[in-house]
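Dear colleague,

Please find below the structure that I am handing over to you, together with its sequence.

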Amino acid sequence: MARAGGNAVGIRRRERKILLKGLLFTSPWIIGFLIFQLYPIVTSFYYSLTEYNLFKAPKWVGLDNYKALFQDEKFYKSMYNTLYITIVGVVPHMAYALAMALLLNAKVKGQSIYRTIYFLPTLVPAVAGSLLWMWLLNSQYGLINMALEAIGIAGPNWLIDPDWTKPSLVLMGFWGTGTITVMYLAALQDVPKMFYEAAEIDGASKWRQFWTITFPSISPMTLFQLIMMLISSFQYFTEGMVFAEATQSMGGPENSLLFYSIYLYQQAFSFLNMGYASAMAWMLFLVVMAFALVIFKTSARWVYYGGDK
Amino acid sequence: MAEQSISADRLATKTFKKKRTGRSIAKSLSKHLILCVAGVFFLGPFAYLLLTSVKSIDDIFAVPFVWWPERFYWENYSNAVHAIPFLRYTLNTLFVSLLSVLGELIAAPLTAYGLARIPFKGRNALFMIMMGTIMLPAQSTMVPLYVLYNKLDMVNSYWPLILPAYFGAAYYIFLLRQFFMGIPHEITESAKIDGASEFRIYSQMILPLSIPALFTVGLLVFLNSWKDYQLPLIYLNDPNKWTLSVGLKAFIGEYNVEWGMLMAAAALFAIPIIILYFFVQKVFIQGITMTGSK
């Protein structure tokens, strides 16, 4: 009896030692999480209920910021712009990256050269890349409109016409899809070859093979990419700021480039409306969570994990 | 016929080379054609960037269009370097990037090791919380952090850009955790029996085995820090402290018709990264695909 009791104490002591070790090793992130994430997100909610300009102490205003938000045209405009770039941008960019990965995966000669070429644009800093595209999209002297003219199409005034500013950004986005291609390519190379061999014996067409073998096999990667792209798309900032330089304004022509993050930045750091900006931050947080939730909920229907999960 | 071309395609590397029919050659040609067109789409803008950067204003706005300038106008580069304090911004950017890399490489592997190889209670919960924070938009913590740095008198310094790296970022920790989990336990088992401390096992066995992974994470941190625009924009007010992203953006509004000079500046900003990439490409692609399979 005494021995068994001693054992239990020993086990508990060992467990505690392991716990201590674990916490010690993970302490950098835990401390960082408390300072850089948990504290700010809680405080941000408090600020969102106040009027605060950095210089005077926050003044409690209840839900006033949120009420003002729902009457603010620019709030809707910036949310619309952001949803536009998310919905119109993300899926075509992913489909394009996947198509490129499929082509590359089919054992073409020079695969690694193509891969390098596709990946190269993702290395270009966003400010430099956007600047380059501003030049390509220049309505008079840009390469794109010159090419369009050569085939008899009058190109639009990409960066000046409010209807074309966001399509310009989506177009530029295709240029930066190299990372997704590389990651899709890795996922494709993990699909067991025997699946295809079996399908070929059964006489399944390539199209059918894609939907019954390839797409389900790489669906975890699709989910991962979708979530990551969604998050970065909701924070769309730099490219919009640079493109707006074409009209020398923040927000671009008719605020067609006023993305949510840009408007939030403007409220917080140009107008010092910290309370209002915090309310905006919370709305963004909720919208992102809602989107992520919907994707995760529906993912059960289209994401397949291999046998080990 | 269809079957033959498929097999020729798939087994070309084996013994079926002789069987390459006209149709399969046409197929592979059309594949290359699509890949090349895509290649032009990816590479063309670059080439145009470089070409414009050596054109004089007259050539740039010439009608009819001038493809190849008669004389390379290198002055764009010297003008760009003088118009903005390019060297200063480069050094500032390097300073921020390198210190961020250092911080991340201290903090992220430690945390990743704890999550991958110490089976403590609550480890899974901690991991789930960490993965959840990846979905947290930076905007939702931006204002309170600014207020905090402002109180600590750190606005207009590099602290806000560097400090967070010293606590590890979830994404990099996740990458390293995946890598550490793949290292067989047998390797560390005997050291454990000999009574080596956990930190010793970490620093003398696991870290040396993980150099490719550490390298990839370091490079990703460097890239992201080098490119970053929003944080430096928020925190650096003094133009002398600006990084390349902020400096170049300010430059655009000021010189918005001098495309040659702007393109030269963009080239100078992008080229160091591209050169760096060519040196480390192999390890980097390996590392980036590391995230992919799981």
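I begin with one stretch of chain A, residues 209–231, which is 96% helix and 0% strand, with its end C-alpha atoms 31 Å apart. Helices here are DSSP runs (H or I, at least four residues), strands are E runs of at least two, and both are numbered from the N terminus.

Please note that this is a predicted model, in which local features need pLDDT of at least 70 and side-chain atom pairs count only at pLDDT 80 or more, while totals for chains, interfaces and linings use all residues. Residues are numbered from 1 along each chain as its sequence is written, and chains are lettered from A and ligands numbered from 1 in the order in which they are written.

**Annotated regions**

The stretch above is one of those that UniProt, in an unreviewed entry, lists as "transmembrane region" in chain A: residues 22–47, 83–104, 116–136, 169–188, 209–231 and 274–296. UniProt positions follow the numbering used here, feature names are shortened, and annotations may be inferred rather than shown by experiment. Residues 83–104 of chain A are 100% helix and 0% strand, and their end C-alpha atoms lie 31 Å apart.

For chain B, the UniProt annotation "transmembrane region" (unreviewed entry) covers residues 33–51, 94–113, 125–149, 161–180, 201–223 and 259–280. Of these, residues 33–51 are 100% helix and 0% strand, with end C-alpha atoms 25 Å apart. Residues 201–223 of chain B are 96% helix and 0% strand, and there the end C-alpha atoms are 30 Å apart.

**Where the chains meet**

In all, 75 residues of chain A are in contact with 76 residues of chain B, contact meaning that C-beta atoms, placed from the backbone, lie within 7 Å. On the chain A side, helix 1 (residues 2–48) supplies the largest share, 21 residues. That side divides into 58 nonpolar, twelve polar and five charged residues. Here Ala, Val, Leu, Ile, Met, Phe, Trp, Tyr, Cys and Pro count as nonpolar, Asp, Glu, Lys and Arg as charged, and the others, Gly among them, as polar.

One pair of helices can be described in detail. Tyr114(A), Ile117(A) and Tyr118(A) in helix 4 of chain A meet Leu35(B), Gly39(B), Phe42(B) and Leu43(B) in helix 2 of chain B. The residues of this contact comprise six nonpolar, one polar and no charged.

**Cores**

A nonpolar core is a set of buried Ala, Val, Leu, Ile, Met, Phe, Trp, Tyr and Cys residues joined through C-beta atoms within 7 Å. The largest has 104 residues, and Leu131(A), Tyr184(A) and Ala266(B) touch the most other members. Helix 14 (residues 274–302) of chain A gives the most to this core, eleven residues. Leaving aside residues up to four places away in sequence, Tyr184(A) touches Ala97(A), Leu98(A), Ala101(A), Ile218(A) and Met221(A). Another core, of 31 residues, lies apart from the largest one and includes Tyr113(B), Tyr202(B), Ile206(B) and Val221(B).

**Individual residues**

Tyr73(B) is found in the loop between helix 3 (57–60) and helix 4 (75–83) of chain B. Tyr73(B) is buried because 20 other C-beta atoms lie within 10 Å. A residue is buried with 20 or more such atoms within 10 Å of its own C-beta, exposed with 12 or fewer, and partly exposed in between, C-beta atoms being placed from the backbone. Tyr73(B) touches Val54(B), Lys55(B), Ser56(B) and Gly260(B), not counting residues up to four places away in sequence.

Most residues other than glycine have a negative phi. Gln248(A), although not a glycine, has a positive phi of about 50° and lies in the loop between helix 12 (238–243) and helix 13 (260–270) of chain A. Gln248(A) is exposed, with 10 other C-beta atoms within 10 Å. Leu272(A), also not a glycine, has a positive phi of about 55°; this residue sits in the loop between helix 13 and helix 14 of chain A.

With kind regards

Note on methods: Two residues are in contact if their C-beta atoms, placed from the backbone, lie within 7 Å.
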